[in-house]
Amino acid sequence: MNNQEMMELSTVDKSDFEELVKECTASGIIDQNLYTEYDVKRGLRDSNGNGVLTGLTEISDVLGNQSVHGRKIPVDGELYFQGYNVEELIKRSSLDRFRFEEATYLLLFGVLPDKDQLDRFIRILTDLQELSGAFIRDVIMKATSTNLMNSLMKSILSLYSYDEKPDDISIPNVLRQSLQLIAKMPLLSVYAYQSYRHFKLDGTLMIKNPKKGYSTAENILYMLRDDGDFTELEAKVLDICLVLHAEHGGGNNSTFTTHVVTSSGTDTYSAIASSIASLKGPKHGGANLKVQEMFTDIKAHCSDWDNKDEICTYLNKILDKEAFDHAGLIYGMGHAVYTNSDPRAVILKKFAKQLSEEKGMQKEFALYELVESEAGQLIMNKRKMFKPVCANVDFYSGFVYTMLGIPEEMFTPMFATSRISGWCAHRLEELVNAGKIIRPAYKYVGHHRHMLIWTRDNYG
């Protein structure tokens, strides 16, 4: 039996399995009206789409509204790391490099590091970042996955076996494990892609050790590119991308997963692998790839990218499920919390513009800008919405990654490489506060039944 046969139904009639599918589907249907009858906050959201309060955190804050005389008023979005406005952090930082490392220190320890503290922190991360040749060969390069997020999960779960104290959830040990994962994640991501490129696409296998003295952003570009070269602007933009994706409150799906799994008392590797599994979902971490696919489709069907009427006509077709993937969505537009603007998108847009000028891609940037300026109002009109619809961070991030030469297979792993800083901060916060295991309730809406007496005749 080969590997493919091992995963197939080869010795039974396919109709037997199809019958099970029918039974499973019929059994799983729940009357949607019951969610209203029992006031179930589906998706942990209330009737206005706001997240149900499930915990407390000091790590970050996400603001999209302001309360005025008891009414919620849409405002320009704000994102805070440990009380600091992220936009101000980026604007006022004296660093041209290592911004992501600075933000990681802030998320983990609650204070901005001075020069000596940051230097020590970078030295620790540098010391922890390398992977052994045996690990790369035996874990990363074996049974490569077409989806690199599965490769990341496999690698992180395998690190459990290399840790002398994997199940110790004391704060000193979890902090050590967290720093290990933060330092190693760029290598796990890039090496997973290089293995995928070699074994699945017949490309050259290129495994580079990270360079001492390089920032996380610089090392990603260095290890990913054949020649290892990059411009100062490229490294700066990627560094800022990492900062913007590092953390986004405790309520997003993957960070909430971190809290839920951590509350059970499990080990760090299992908790972070669970967070990656959540981020892998296309409703969470894969949105920027959908934006890229959508723009490829728009370019193919609109002859004049400067023609607002032509672009708007096609966007309406997308909303009417007549174009692109027929889902009726303009990807990268709208956010659960932000209303007038997503601060991450605002910041990233500025750097996307600079990068487009360096790359000679001003025409593409203008198309993105045009779609952003028109799509929000089109969505509001079509859906009869009153809440403003803004571009979210995914609208520009995929475009930026593309200009940086980062392959699409790496888009979501790049998100994970950044967000692991926030996940580790939230895991430590959950452990420090020694909370109860998180156990929400589900209302049973089935029917209790009595068991019949079965005889051999019932089985034919």
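Which helix gives the largest share of the lining of the second largest cavity? Helix 5 does, with three residues.

This is a predicted model, in which local features need pLDDT of at least 70 and side-chain atom pairs count only at pLDDT 80 or more, while totals for chains, interfaces and linings use all residues. Residues are numbered from 1 along each chain as its sequence is written, and side-chain values use heavy atoms, with hydrogens and water left out.

**View 1. Packing of helix 9 on helix 13.** Helix 9 (residues 171–201) and helix 13 (residues 268–280) pack at an angle of about 45°, and their axes lie 10 Å apart. That angle makes helix 9 oblique to helix 13. Helices (H or I, at least four residues) are DSSP runs numbered from the N terminus. Axes are lines fitted to C-alpha atoms, for helices over the stretch in contact, and angles run from 0 to 180 degrees between N-to-C directions. Oblique is what remains after roughly parallel (under 35 degrees), roughly antiparallel (over 145) and roughly perpendicular (65 to 115).

**View 2. Residues in the contact of helix 9 with helix 13.** Helix 9 contributes Val 174, Gln 177, Leu 181 and Met 185, and helix 13 contributes Thr 268, Tyr 269, Ile 272 and Ile 276. Contact means heavy atoms within 4.5 Å. By class, six of these residues are nonpolar, two are polar and none is charged. Ala, Val, Leu, Ile, Met, Phe, Trp, Tyr, Cys and Pro count as nonpolar, Asp, Glu, Lys and Arg as charged, and the others, Gly among them, as polar.

**View 3. The largest cavity.** The structure holds two cavities of 30 Å³ or more, and the largest has a volume of about 150 Å³. A cavity is a set of points, on a 1 Å grid over the protein atoms alone, where a 1.4 Å probe fits but cannot get out; lining residues have an atom within 4 Å of a point. Grid points are joined across faces, edges and corners, and a volume is the space filled by probe spheres set on the points. Of the 14 lining residues, Glu 101, Leu 125, Gln 129, Ser 215 and Thr 216 are the closest to the centre. Helix 9 gives the most to this lining, with four residues. The lining divides into eight nonpolar, five polar and one charged.

**View 4. The second largest cavity.** This cavity holds about 80 Å³ of space. Its lining consists of Leu 89, Ile 90, Ser 93, Arg 99, Glu 102, Ala 103, Leu 112 and Val 243. Helix 4 (86–92) and helix 5 (99–109) are the elements that give two or more residues. Five lining residues are nonpolar, one is polar and two are charged.

Notes:
1 Å grid on protein atoms, 1.4 Å probe; cavity = no way out; pocket = protein on both sides within 12 Å on 5 of 7 lines; lining within 4 Å.
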